[in-house]
Amino acid sequence: MIRFKQICQWIKYSTSFLYCLAFMACQSSSQSVLKSPDGKIVLTYKLDAKGRLWYQLRKNDTLVLDSSRLGVLLSQTKFDDKLQVTFDSAYHGISDNYVMYNAKRKQNHYAANGLVLGLQNKEGQHCRIIFQLANDGLAFRYYFPNIKALTKVEKELTTYHLPTGSKAWLQPMAVAKTGWEHTNPSYEEHYEQEIPVGTAEKTGAGWIYPSLFKSGNNWLLITESALDSQYCATHLAGQSPNGVYQVAFPDSREEIVNDGILPRSDKAFYSPWRIVTVGNLATIIESTLGTDLAPPAMDTDSSFIKPGKASWSWINSKDDFITYDEQKRYIDFAANMKWQYCLIDVNWDTKIGYEKIAELSAYASRKGVGLILWYNSAGDWNTVKYTPKDKLLTHTDRQQEFKRLKEMGIKGIKVDFFGGDGQSVIRYYQEILEDAASYQLLVNFHGATLPRGWARTYPHLMTTEAVRGFEMVTFGQADADKEATHATMLPFTRNAFDPMDFTPMNLYKIQSSVQRKTSSAFELATSVLFLSGIQHYAESPEGMKHVSEDVQDFLRALPNSWDDVKFIDGYPGKYVIIARKSGDNWYIAGINGETQEKQLALNLSFIDGKQGALFTDGNGSELITHQTITATNKLPISMKGNGGFVMKF
């Protein structure tokens with residue numbers, strides 16, 4: 001018999017265990033099958049003749065993951081072969097409810113069944129694997145209970161074996177310390193779409209999460225969650241022979257102050273959760289597995305955590321206009337649009353100065369606008385010259401700077417240019433988050449890693465870039481040409497679980513030689529499609545003057561957070577239509593990622609008969625028409641090439 005107290009110890013940080021005490025039933029058995037609560041997803045595991053551990057995953061009796069490897073190599077011992085199963089304990093009725101204000105749904109519910117698998121290697125050392133299976137997918141993690149001395153995880157043997165004929169939608173990992181000022185990787189590449197599984201990543205750096213696959217009629221989204229400062233972030237290896245994708249650790253250069261790449265601990269510890277969302281495209285869009293498995297919100301006063309929207313001068317006028325007068329103008333812009341924040345970007349400390357920033361903060365406060373200030377995270381691990389720099393490197397530095405910001409009335413910080421995914425960098429992220437919470441500062445990470453569920457654990461983490469965002473569109477025509485197809489990938493991948501600082505919605509035109517290829521209605525739709533705790537908009541005060549008053553009023557009233565989400569239609573890289581609910585209102589937004597016009601019939605039976613407003617493309621890329629519309633179960637809608645629409649009911 002496996003004692004309940006033991007199970008709780010094994011599953012520390014699995015938040016569901018805080019809620020299932022009353023009805024959890026565990027017993028030791030030889031059971032090798034775990035089913036989701038609805039019985040449609042089935043996990044099986046087995047040891048082969050060499051004592052190696054494998055698992056398979058099926059949905060509705062269809063194989064979605066073929067035999068895939070489990071195992072870990074530690075510096076002190078190995079769990080690779082000659083393994084023995086010491087116990088196999090199933091438990092049911094996992095249940096968790098939580099609230100998020102910077103995600104696709106405010107009230108969230110997680111339900112799953114679980115299995116704890118005890119393993120012993122040939123040296124008599126122990127490891128446990130914890131599986132949890134929900135109706136929308138699988139989560140599993142490793143636990144090492146008997147660590148007494150400093151131990152490193154040298155390699156994970158974890159694989160995901162996609163069946164023959166499967167397709168993949170994947171973003172390459174940038175080679176470490178390449179790119180502008182050696183700031184890669186920052187998760188800012190273009191996706192390779194609908195490629196055969198097994199296609200090699202060209203640089204060898206690998207593929208980032210979330211990784212999207214189609215196996216038969218099922219879609220899978222692979223990622224990780226509950227990444228803490230003892231572990232490093234991982235990705236999928238660049239080589240995937242026969243569709244076998246292996247979990248890979250960061251490049252040896254992805255560290256700060258020579259302080260470590262690999263996971264390490266001198267006491268019992270867990271790996272992050274490995275997550276496989278399984279179902280149709282509606283499952284991918286509506287699932288919250290990436291935050292369901294994250295640790296609950298840290299214990300802090302949450303009264304300062306307020307989602308909203310922000311004006312931002314840099315996206316239009318870049319470095320030369322970080323001036324007092326220009327920032328005052330953007331504060332006025334935010335106030336006029338009833339947006340809650342204004343972001344002041346690079347070199348504000350030298351071009352404006354702390355004293356004048358304090359004046360701007362007071363001025364903004366009188367207007368009902370809070371200021372967010374940019375920081376360079378970088379120490380000696382990159383060569384970026386922008387300032388303020390080296391203000392956040394130590395706990396003492398951060399305390400001093402954050403105290404000053406709080407006294408100035410600053411509401412948040414944007415921290416840019418991190419050093420990769422190594423364990424030391426992950427620790428640095430989380431130290432910034434912990435200290436920022438102490439001084440009630442909101443956080444935006446830029447030039448950063450995928451946050452992997454952190455926005456649940458650190459609810460003041462309002463957003464993170466980790467995407468090839470709109471700033472890239474302003475830099476060059478090649479990115480502008482790809483914006484539409486790139487944007488239609490993001491709700492299925494990068495923005496599936498974590499808030500994303502894409503900085504969307506340029507409604508008039510780009511303030512450079514670059515010609516935007518998307519329509520204004522497409523851009524308006526991204527204000528609903530893309531999720532960010534603070535949405536920084538890529539429009540200027542001058543550009544907004546070219547936008548009709550009814551569109552401006554729509555943006556003034558747009559919700560700052562969402563109660564629910566519903567997938568309507570779409571296909572990754574081609575088009576996407578999503579409904580989001582706030583209070584009694586439904587907002588439905590669609591974008592066309594292709595150049596050909598699309599004629600669609602939308603199933604809006606969930607609001608059948610309700611009247612609403614439709615904003616769609618007019619005669620010209622800068623024109624948006626406003627019409628009255630009635631929801632039906634087959635509502636006809638036209639989307640021009642690279643166009644879009646928004647409805648409000």
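Reader: Which residue just after helix 5 takes a positive phi?

Author: Lys338 does, with a phi of about 60 degrees. Helices here are DSSP runs of H or I with at least four residues, strands are runs of E with at least two, and both are numbered from the N terminus. A word on the source: this is a predicted model, where local features need pLDDT of at least 70, side-chain atom pairs count only at pLDDT 80 or more, and totals for chains, interfaces and linings use all residues. Residues are numbered from 1 along each chain as its sequence is written, and side-chain values use heavy atoms, leaving out hydrogens and water.

Reader: How do you know that the span of helix 5 agrees with what it should be?

Author: The expected span is 1.5 Å times one less than the number of residues. For the 13 residues of helix 5 (324–336) that gives 18 Å, and the end C-alpha atoms are 18 Å apart, so the two agree.

Reader: Why is Cys232 called buried?

Author: Buried means under 20% relative accessible area (exposed is over 50%, partly exposed in between, with a 1.4 Å probe and protein chains only). Cys232 has 0%, so the word applies. Cys342, at 0% relative accessibility, therefore counts as buried too.

Reader: How many disulfides does a search of the whole structure find?

Author: It finds 0. A disulfide is a pair of cysteine sulfur atoms within 2.5 Å; for Cys232, the nearest cysteine sulfur, that of Cys127, is 16 Å away, and Cys232 is in no disulfide.
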